[in-house]
Amino acid sequence: MASVGRAVHPVASVGLVLENLWTWYRRNWRATVVSSLLTPLMFLGAMGFGLGSQIRPGPVTANLPYVVYLAPAVLVMLSTQVAASESSFPVLGSFKWDQRYFAITATPVSVDQLVTAQFLWVALRVVLSGLAYLAVASLFGAFTDVRVLLAVPVSVLAGLAFGTWVMALAATVSDEGNAFGNVFRFVLVPMSLFAGTFYPITQLPVWSRPLAWVTPLWHGNELARAAEFGHMDALTAAGHLAYLLLLTAGGLLLARRRFHVRLKV
Amino acid sequence: MRDALSGVPASVAGVSDDAVLVQADGLVKRFGDFEAVRGIDVKVRRGEAFGFLGPNGAGKSSTMRMIACTSPRTAGELRVLGLDPDRHGPRIRARLGMVPQQDNLDNELTARQNLQVYGRYFGLSRPQVRARATELLEFAQLTDRADDQVEPLSGGMKRRLTIARSLVNEPELLLLDEPTTGLDPQARHLLWDRLFRLKQSGVTLIVTTHYMDEAEQLCDRLVVMDGGRIVAEGSPAALIAEHSSREVLELRFPLDEQQANVPLVRDLADRVEVLPDRLLLYTADGESVLGAANRRGVRPISSLVRRATLEDVFLRLTGRTLVD
């Protein structure tokens with residue numbers, strides 16, 4: 001008698017890995033609420049409402065109350081943080097600690113299907129936390145237009161443009177993940193402070209602006225604000241999108257290569 | 001327990017008994033400059049329990065990963081279930097069970113969820129994996145911990161769960177990489193019992209181990225590996241008969257006196273092996289050699305006459321002990 005196992009369709013395989021991650025999430029989602037909802041709301045409260053109460057609407061804030069100006073950018077910041085953290089220790093741990101990836105690739109599931117699923121999972125987590133933030137922040141009146149929903153896909157893309165590179169790093173490092181601390185300290189935090197989240201980068205010295213231009217966060221901020229308040233010509237928008245797509249694709253390809261190297265030993 | 005195994009191929013009707021499940025010719029695995037597997041030939045037939053015996057670093061795990069179709073071969077020919085792993089990896093893996101050296105369970109899921117989630121990867125429906133999980137939890141004696149998280153389970157329980165998980169697709173070929181390393185004696189015996197049942201029910205087993213007692217317990221046939229090469233092949237009994245005497249006399253001396261005693265006993269046995277902590281005298285009759293040694297004034301701290309084991313075979317073939 002033959003085995004009852006069979007190789008399922010590649011698309012279904014990706015779905016099964018997501019099902020596995022979802023099974024985990026259903027048991028553990030509560031732990032993720034703090035980081036993915038409380039943190040952005042604290043930023044919005046302290047900076048948007050608190051500090052923002054002292055800031056008069058003007059050309060710099062697109063003539064909007066500061067909290068309204070800030071809210072879409074906090075969405076992008078949140079997406080970037082969630083994408084980065086979901087791509088860091090959970091991925092490293094699946095190689096190194098519980099070695100789940102090795103268990104999965106011993107089944108008919110291939111390495112490419114695994115990488116695809118892990119990528120989609122990060123995207124899904126970013127979408128979920130973004131929607132939760134949107135819902136709660138709306139209750140506080142931080143959003144004025146339903147067009148802010150357009151900012152969600154944009155912020156997901158900005159998050160993935162950064163997260164995929166973190167995933168490639170997670171698939172490469174073999175220590176306890178010390179590199180992530182440095183990425184968070186020296187890339188994520190400065191990026192959040194200087195890439196147009198709290199004020200336009202026109203307020204920065206001219207020489208330092210190119211540093212903001214290379215960050216996915218700045219492109220995400222520009223697009224997310226344009227999505228809600230709307231004034232950006234199509235070509236500029238296409239340019240921002242193209243840059244984010246390119247970064248995402250590059251990070252994903254590198255991550256894919258690192259997964260192959262690490263799993264096919 | 002029969003029910004738990006009902007899906008395992010109990011009969012191999014329609015397939016000839018000598019069907020070859022694994023065939024390797026000149027199989028090589030290289031990592032950069034390091035050659036882990038240096039051209040080995042292996043043939044495993046359906047229903048066999050086949051072993052790779054060797055010390056750490058002999059190339060056993062690399063060989064297993066190539067057979068499991070998770071690691072591409074560097075050179076040589078390999079057929080698993082009659083298919084080429086390079087071209088049919090997913091199709092082959094669908095019919096294999098793999099127990100890796102280190103448990104890789106989903107520690108934050110329950111035991112039952114681990115089995116169900118894993119079964120889904122092999123294309124089983126939700127009702128199928130639910131039923132299968134219940135059977136396998138029974139088989140692994142984990143029914144009362146079924147809905148507990150895996151993390152706090154004991155090492156033996158995790159190992160049994162990993163083995164149960166590898167059976168979720170009713171594999172035709174089960175690969176076990178050092179199944180009992182790191183377990184206490186009681187847990188090992190429980191595992192051996194489970195593996196025996198599988199063997200009885202007709203599952204083909206491939207086991208790597210550096211425990212000679214495990215190899216003798218489980219394997220019909222085995223190869224001894226050392227430094228990436230196969231140095232001997234046969235059944236445990238045949239290997240012992242070919243490469244060792246029937247009995248072994250072990251003599252222990254105070255450390256500074258051992259060397260002086262070697263010349264006194266050298267001609268009493270077929271062969272004398274000098275280990276750092278003891279002398280091994282290979283002979284057909286250990287007791288009479290011990291008597292003869294005593295008459296020559298040899299006074300060991302302790303002496304032991306035992307049957308020859310695969311450890312002795314390994315020592316003979318490689319000049320080293322299995323577990324340093």
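**Figure 1. The open sheet of chain B in the predicted model.** Six strands of chain B form an open sheet in the order E5-E6-E7-E3-E8-E9, and the pairing is mixed. Strand E5 (96–99) and strand E9 (229–234) of chain B stand at the edges; each has a single partner strand, so one side of each is left without a neighbour in the sheet. On average, and with direction ignored, neighbouring strands of this sheet are turned by 15 degrees against each other.

**Figure 2. Strands E3 and E8 of chain B, and the packing of helix H8 on the sheet.** Strand E3 (residues 49–53) of chain B pairs with strand E8 (residues 221–226) of chain B in the parallel sense, over four bridges. Phe50(B) has Arg221(B) in E8(B) as its bridge partner. Helix H8 (residues 236–243) of chain B packs on the sheet, where it touches E8 and E9 of chain B. The direction of H8(B) makes about 105 degrees with that of E9(B).

**Figure 3. Strand E1 of chain B and its pairing with E2 and E4.** Strand E1 (residues 20–31) of chain B pairs with strand E2 (residues 34–45) of chain B in the antiparallel sense over nine bridges. Within this pair, Leu27(B) stands opposite Ile40(B) in E2(B). The hairpin of E1(B) and E2(B) has two residues between the strands, and Gly32(B) takes a positive phi near 60 degrees there. E1(B) also pairs with strand E4 (residues 75–80) of chain B, in the antiparallel sense and over five bridges. Here Ala24(B) has Leu78(B) in E4(B) as its bridge partner.

**Figure 4. The two domains of chain B.** Chain B is divided into domain 1 (3–235) and domain 2 (245–307). Their C-alpha centres lie 40 Å apart.

**Figure 5. The side of chain B that touches chain A.** In the predicted model, 32 residues of chain B are in contact with 29 residues of chain A. Helix H2 (85–93) and helix H3 (111–121) of chain B are the elements that give two or more residues to this side of chain B. H3(B) gives the most, with four residues. By class, the residues on this side of chain B divide into 14 nonpolar, ten polar and eight charged.

**Figure 6. Helix H1 of chain A against helix H3 of chain B.** The axes of helix H1 (residues 10–50) of chain A and H3(B) come within 9 Å and cross at roughly 165 degrees. H1(A) and H3(B) are therefore roughly antiparallel to each other, and their crossing is right-handed. Leu16(A), Glu19(A), Asn20(A) and Thr23(A) in H1(A) meet Gln113(B), Val117(B), Arg120(B) and Tyr121(B) in H3(B). This contact has three nonpolar, three polar and two charged residues.

**Figure 7. The crossing of helices H5 and H6 in chain A.** Helix H5 (residues 111–139) of chain A and helix H6 (residues 151–170) of chain A have axes that come within 10 Å and cross at roughly 135 degrees. H5(A) and H6(A) are therefore oblique to each other; the crossing is right-handed. Residues of H5(A) in the contact include Phe119(A), Val122(A), Val126(A) and Leu134(A), and residues of H6(A) in the contact include Val152(A), Val156(A), Leu160(A) and Thr164(A). The contact of H5(A) with H6(A) has ten nonpolar, five polar and no charged residues.

Notes: Residues are numbered from 1 along each chain as its sequence is written. Chains are lettered from A and ligands numbered from 1 in the order in which they are written. This is a predicted model: local features need pLDDT of at least 70, side-chain atom pairs count only at pLDDT 80 or more; totals for chains, interfaces and linings use all residues. Two residues are in contact if their C-beta atoms, placed from the backbone, lie within 7 Å. Ala, Val, Leu, Ile, Met, Phe, Trp, Tyr, Cys and Pro count as nonpolar, Asp, Glu, Lys and Arg as charged, and the others, Gly among them, as polar. Axes are lines fitted to C-alpha atoms, for helices over the stretch in contact, and angles run from 0 to 180 degrees between N-to-C directions. Angles under 35 degrees count as roughly parallel, over 145 as roughly antiparallel, 65 to 115 as roughly perpendicular and the rest as oblique. A crossing is left-handed if the near helix is turned anticlockwise from the far one by less than a right angle, and right-handed if clockwise. Two strands pair if DSSP finds at least two bridges between them. Domain bounds come from an automatic or database domain assignment.
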